[in-house]
Amino acid sequence: SLEVLNIEGRGASSCLTGPLPDLRALTRLRTLIIRWQCFSGGLPDWIGDLSSLYFFRFDNTPIGGTIPESIGRLSQLHDFIGLRAGFTGTIPASVSNLTNLFGFDVGFGSLREPLPDFSRLPGLQWLFLNDNNFSATIPPYFATRSWGYLDLSNNSFYGAIPPGLPSLVSTQFKVNSNQLSGCMTGSSAATCDASNNPFLCGCSSALCGIPVCDTSCNGTRPTPGSWCSNGTWTFVEPIVDIVLTPSNKTVIITGDFQVSSNASKIVITIP
C-alpha cells in the first residue's frame with residue numbers, strides 16, 4: 001500500500017484544481033506532500049482518517065477554509081506544514097491531541113484566536129503562527145519550555161512577552177509587528193526580531209530591534225507610566241499628570257490609563 005504521495009506543481013500547466021481528491025483509502029500513507037497546486041474547498045474532514053500520517057506538507061496551495069477538527073485523530077503526526085494555505089477561522093482545539101507533533105506551520109492565513117493548548121505537546125519545537133489575525137496575549141506557558149523556532153510576527157498579539165521566553169528560543173524568535181508592550185528580556189536566538197511593537201522595550205542596546213528600557217528589566221511590564229527614555233510613546237487619554245525627571249528622562253504618568261495604538265491619543269516625545 002502507498003506510503004508516500006507527492007503532488008507537487010511545476011508551473012501553471014500542472015496546477016490541479018477543484019476539491020482535494022479522496023485519499024482516505026490510503027490508510028498506510030506516511031508522507032503526504034501537496035505543493036504549488038490550485039485545490040480549493042478547504043481540507044476535507046476525511047483527512048483525520050489517514051491514521052498512519054507522519055508528515056503532512058500542504059503549502060503554497062490556497063485551499064482556504066477551516067482546519068477540520070478531525071486532524072486531532074492523526075496520533076502519529078510529526079509535522080503539519082500549512083504555509084500559505086489560506087486557512088480561516090480558528091486552529092481546532094483537537095490539535096492539542098497530537099502529542100507527537102514536532103512542527104506546526106500555518107503562516108500567511110486568516111486564522112484568529114483562541115489558540116489550542118500547545119502545552120500538551122511536549123515535543124513541539126517549531127511553531128509558526130505568523131501573518132494571521134491573532135489578537136490575544138502570548139500564553140504564559142510558552143515560557144516553560146524550549147523552542148527551536150517561534151514566529152508570532154505580523155499579528156495583533158498584545159500585552160507583555162512572558163518573562164524568560166526569548167532566552168528559550170534557540171534559532172528564530174520573531175514577534176515583530178504586533179502590539180506587545182512592557183520590557184523584554186534578552187534573547188539567545190540566532191535570529192531575533194521584536195521590532196514594530198510601539199510599546200515594547202528591551203534590556204540592552206540593539207535588542208531585537210527595539211529601544212532600551214530605562215526601568216529595571218525584570219521581564220515584566222514596567223510600572224505604569226515608566227517607559228523608555230528614547231523614542232516616541234503614545235498613550236490613551238485621560239492622563240492626570242505628566243512629570244519629566246531630568247536625571248533619567250523617565251516619563252512618569254499618574255492616573256488610570258491604557259496603552260493603545262489607536263483611539264484618542266496623547267503623543268509624548270522624549271528628547
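This report describes salt bridges in a predicted model.

## Basis

Residue numbers start from 1 along each chain as its sequence is written. Because the model is predicted, local features need pLDDT of at least 70 and side-chain atom pairs count only at pLDDT 80 or more, while totals for chains, interfaces and linings use all residues; side-chain values use heavy atoms, leaving out hydrogens and water.

## Salt bridges

The structure contains six salt bridges, each defined as a side-chain nitrogen of Lys or Arg within 4 Å of a carboxyl oxygen of Asp or Glu. Side chains of opposite charge can pair when their charged atoms come close.

## The R28 and E3 pair

One of the salt bridges joins R28 to E3, with an N to O distance of 3.4 Å. The pair links distant parts of the chain, 25 residues apart: R28 lies in the loop between strand 2 (17-18) and strand 3 (31-35), and E3 in the segment before strand 1 (4-8). Strands are DSSP runs of E, at least two residues, numbered from the N terminus.

R28 is partly exposed at 47% relative accessible area, and E3 is partly exposed at 37%. Buried means under 20% relative accessible area, exposed over 50%, and partly exposed in between (1.4 Å probe, protein chains only).

## The network around D59

A network of salt bridges links E8, R35, R57 and D59. Between D59 and R35, the closest N and O atoms are 3.1 Å apart. This pair also links distant parts of the chain, with D59 in strand 5 (residues 55-59) and R35 in strand 3, 24 residues apart. Both D59 and R35 are buried, D59 at 0% relative accessibility.

D59 also forms a salt bridge with R57, at 2.9 Å between the closest N and O atoms. R57 is partly exposed, with a relative accessible area of 26%.

Terms used: Helices (H or I, at least four residues) and strands (E, at least two) are DSSP runs, numbered from the N terminus.
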